[in-house]
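Me: Please go through the sheet and the helix packing in this model.

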Amino acid sequence: MTQRSTLKIRRVGIDTWRENVVYMHRDCPVVRAAGFQALSKVEVHANGQVILAVLNVVSDERIVSACELGVSEDAFRRLGVEDGHSASIAHAEPARSIGALHRKISGERLGKDELASIIRDIADARYSKIELAAFVVATNQYELDREEVVHLTEAMIDVGRRLNWQREVGHGLVVDKHCIGGIPGNRTSMLVVPIVAAHGMLCPKTSSRAITSPAGTADTMEVLAQVELPFERMVQIVRDTRACLAWGGTADLSPADDILISVERPLSIDSPGQMVASILSKKIAAGSTHLVLDIPVGPSAKVRSMAEAQRLKKLFEYVAKHLRLQLDVVLSDGRQPIGHGIGPVLEARDVMQVLQGDPAAPQDLRQKALRLAGRMIEFDPDVRGGEGFQIARDILDSGRALAQMNAIIDAQGRRADVPAAGALQAEILALEDGVVVAMDNLRIARIARLAGAPQVPAAGLDLLKRLGDSVVKGDPLYRIHAQYEADLQFARTHAEKDCGYRLGRAEQLPHEFASGVLFMM
């Protein structure tokens with residue numbers, strides 16, 4: 001049995017983003033006696049809790065003294081003890097799945113048990129960030145085949161909690177909607193959920209916060225209501241309102257996926273197999289039985305061609321069928337942002353304008369949400385194919401969707417004061433006459449983040465021109481909102497180098513825009 005040495009815990013206040021890290025002074029007797037080295041994997045025992053962590057060795061006693069064990073914020077939360085509590089530390093055994101990882105690095109196909117072993121070790125924090133990166137890169141370089149994606153998805157479901165809404169609230173048909181991302185704005189979930197719930201369907205929506213985008217659904221809903229809900233409270237809200245719009249982090253759904261995402265995003269890797277496993281594992285773990293999946297297609301979207309979209313659609317359908325999830329994949333236009341606002345407060349404003357029937361509401365957001373809600377309503381066995389859009393439109397226009405949204409907001413905990421958009425503003429102007437023939441989603445999202453979104457909810461962009469609009473030199477293309485002068489200057493400087501808009505002649509427009517027809521299939 002590995003010998004353990006005892007030290008006092010010191011919370012060092014460092015956010016290590018989903019990785020347990022501990023810190024020991026290089027003069028600590030335990031370091032010398034046990035032969036610990038920097039980046040060693042260690043076991044930490046405290047108050048009956050055990051975590052695995054990566055060791056960092058420090059020389060500065062202001063960080064940790066020779067008799068202390070410093071712990072990162074992630075590690076401190078997992079241990080659940082007070083500052084100064086005693087803890088013991090020992091060398092960790094190597095992860096059992098390392099052999100399978102090496103085989104994947106070599107390009108070999110992995111079986112069900114091997115993938116299950118890797119995902120279990122990842123969920124148990126037995127992989128360092130280096131090993132996680134090796135797995136992510138290997139599954140991207142040697143693309144997972146369809147069976148591997150099925151096994152990976154199953155493994156990711158099995159290591160976390162799985163919700164059963166039939167048991168919790170007595171509903172067997174549970175609907176959900178998801179977009180693969182990459183399009184700024186696009187806050188359709190906050191419209192689809194109340195529309196579908198008002199129809200009488202169960203739609204408990206657990207959403208993520210933004211990682212690389214200017215806002216996630218949870219960030220935007222948090223402008224209006226509480227989103228960090230204990231599981232028991234979330235269940236009661238769903239019983240009362242047939243829906244919720246909550247942050248999924250408290251539900252422990254597919255925890256290995258959250259860890260993998262923390263490595264995939266900095267590497268800008270989003271391989272098809274990992275994407276499918278990530279999305280479907282979360283949805284199935286959340287108890288969904290029926291899912292509408294939105295895949296936007298466009299030159300600056302995640303999926304850039306119709307051929308690529310069709311391949312991804314078939315992979316999603318194959319895996320969903322094997323896991324008994326009813327799936328409807330929608331290919332939508334991804335050539336520009338959806339809605340006027342980009343950033344939590346501005347996107348929440350757009351959502352409420354649509355629900356309230358405000359003439360200033362963005363019509364593209366309204367129409368896309370109605371089409372997606374219509375597809376979800378058609379999961380209802382009492383609704384005939386093709387009737388969903390009309391039903392969704394009637395629910396929205398009658399005010400029932402607004403009433404349902406207000407019920408959800410009140411149940412989750414309404415915010416007393418909804419903040420206004422950032423008071424510091426700068427308009428980005430057209431440098432020439434022309435027609436907007438292209439918009440760069442990535443560039444526009446980057447500028448919104450530089451303005452402060454989503455960390456500063458009031459920050460972001462208000463789009464004033466869209467694809468196909470005519471402009472003259474000096475017309476404002478969009479308005480930057482910020483709360484801090486430094487953020488405003490960062491965003492404005494970036495926008496002045498490249499604003500994300502391309503102006504040209506009307507004949508340069510994509511055919512669908514020139515003819516007024518947008519695809520959604």
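**Sheet and helix packing**

Reply: 3 strands make up an open sheet with parallel pairing, ordered β7-β10-β11. Strands (E, at least two residues) and helices (H or I, at least four) are DSSP runs, numbered from the N terminus, and two strands pair if DSSP finds at least two bridges between them. This is a predicted model: local features need pLDDT of at least 70, side-chain atom pairs count only at pLDDT 80 or more, and totals for chains, interfaces and linings use all residues. Residues are numbered from 1 along each chain as its sequence is written, and side-chain values use heavy atoms, with hydrogens and water left out.

Me: Which residue in β10 does K177 stand opposite?

Reply: β7 and β10 (residues 290–297) run parallel and are joined by 5 bridges. Opposite K177 stands V292.

Me: Are α6 and α12 roughly parallel or oblique to each other?

Reply: Helix α6 (residues 146–158) packs against helix α12 (residues 272–285) at about 40 degrees, with the axes 8 Å apart. Axes are lines fitted to C-alpha atoms, for helices over the stretch in contact (heavy atoms within 4.5 Å), and angles run from 0 to 180 degrees between N-to-C directions. Under 35 degrees counts as roughly parallel, over 145 as roughly antiparallel, 65 to 115 as roughly perpendicular and the rest as oblique. The two helices are therefore oblique.
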